[in-house]
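These are notes for a colleague who is opening this entry for the first time. Please read them with the sequence and the model side by side.

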Amino acid sequence: MSTSHVVVVMGTAGTGKTTIGRLLAERLDVPYAEGDDFHPEPNIAKMSAGVPLDDSDREPWLDAIGQWAHGRAGLGGVVSSSALKRAHRDRLRSAAPDAVFLHLTGDRELIELRMRQRKGHFMPAELLESQFATLQPLERDEAGIAVDAGGTPEEVTERALAALRRLGQSHSCG
């Protein structure tokens with residue numbers, strides 16, 4: 001399977017955006033971009049200190065991801081971005097109108113456990129509550145799908161590919 005669309009792997013911290021994003025890009029044979037790499041230093045410092053980002057902090061980050069996605073338009077790609085609010089996704093879509101969102105969802109306890117187990121990441125588990133409070137799931141008019149993040153990375157990737165195929169059949173993606 002391949003795609004000419006950019007797939008934005010979204011969700012709260014700890015859902016596996018990076019792991020699934022990389023596996024998905026490999027399976028789709030397109031480049032992967034790590035959303036965290038687009039954060040300016042002040043954002044990383046703020047999150048590392050346990051302070052949630054506000055929308056003004058997210059704007060330059062979303063714009064940088066949007067520029068990458070725009071550059072991949074028609075070529076395909078996978079990028080991770082929490083994209084927690086509709087406004088965040090709208091901002092990404094303004095740069096990359098054909099972007100498709102893959103929302104990794106999951107049980108809060110599982111996600112918190114994953115966050116506490118990961119090493120070397122700047123996002124502390126204590127910020128998970130603010131992420132869930134901010135999260136606005138995909139709406140019916142948004143090109144995208146929700147996939148449960150439970151199970152092995154391979155299982156989640158297979159579910160994501162199957163869901164993207166179904167979405168592609170109804171939206172000519174894939």
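1. Which residue in S3 is the bridge partner of Ala33? The partner is Val79. S2 and S3 run parallel and are joined by two bridges, and two strands count as paired if DSSP finds at least two bridges between them.

2. On the source: this is a predicted model, in which local features need pLDDT of at least 70 and side-chain atom pairs count only at pLDDT 80 or more, while totals for chains, interfaces and linings use all residues. Residues are numbered from 1 along each chain as its sequence is written, and side-chain values use heavy atoms, with hydrogens and water left out.

3. The protein chain has seven helices and five strands. Helices (H or I, at least four residues) and strands (E, at least two) are DSSP runs, numbered from the N terminus. Read from the N terminus, the order of elements is β-α-β-α-α-β-α-β-α-α-β-α.

4. The five strands form an open sheet with parallel pairing, in the order S2-S3-S1-S4-S5. Strand S2 (32–33) and strand S5 (144–148) are its edges, each pairing on one side only. Helix H3 packs on this sheet and touches S1, S2 and S3 (contact means heavy atoms within 4.5 Å). The direction of H3 makes about 170° with that of S3; axes are lines fitted to C-alpha atoms, for helices over the stretch in contact, and angles run from 0 to 180 degrees between N-to-C directions.

5. Which residues of H3 are buried? They are Asp57, Arg58, Trp61, Leu62, Ile65, Gly66 and Ala69. Buried means under 20% relative accessible area, exposed over 50%, and partly exposed in between (1.4 Å probe, protein chains only). Their cover includes strand S1 (6–10), helix H2 (41–48), strand S3 (77–80) and helix H4 (86–95).

6. Of the 174 residues in the protein chain, 47% count as buried. Among contacts between residues at least 6 apart in sequence, 75% join residues at least 24 apart.

7. Ala143 sits in the loop between helix H6 (128–134) and S5. Ala143 counts as partly exposed because its relative accessibility is 25%. Leaving aside residues up to four places away in sequence, Ala143 touches Ala99, Val100 and Phe101. Ala143 and Pro97 are 46 residues apart in sequence, with their C-alpha atoms 9.8 Å apart.
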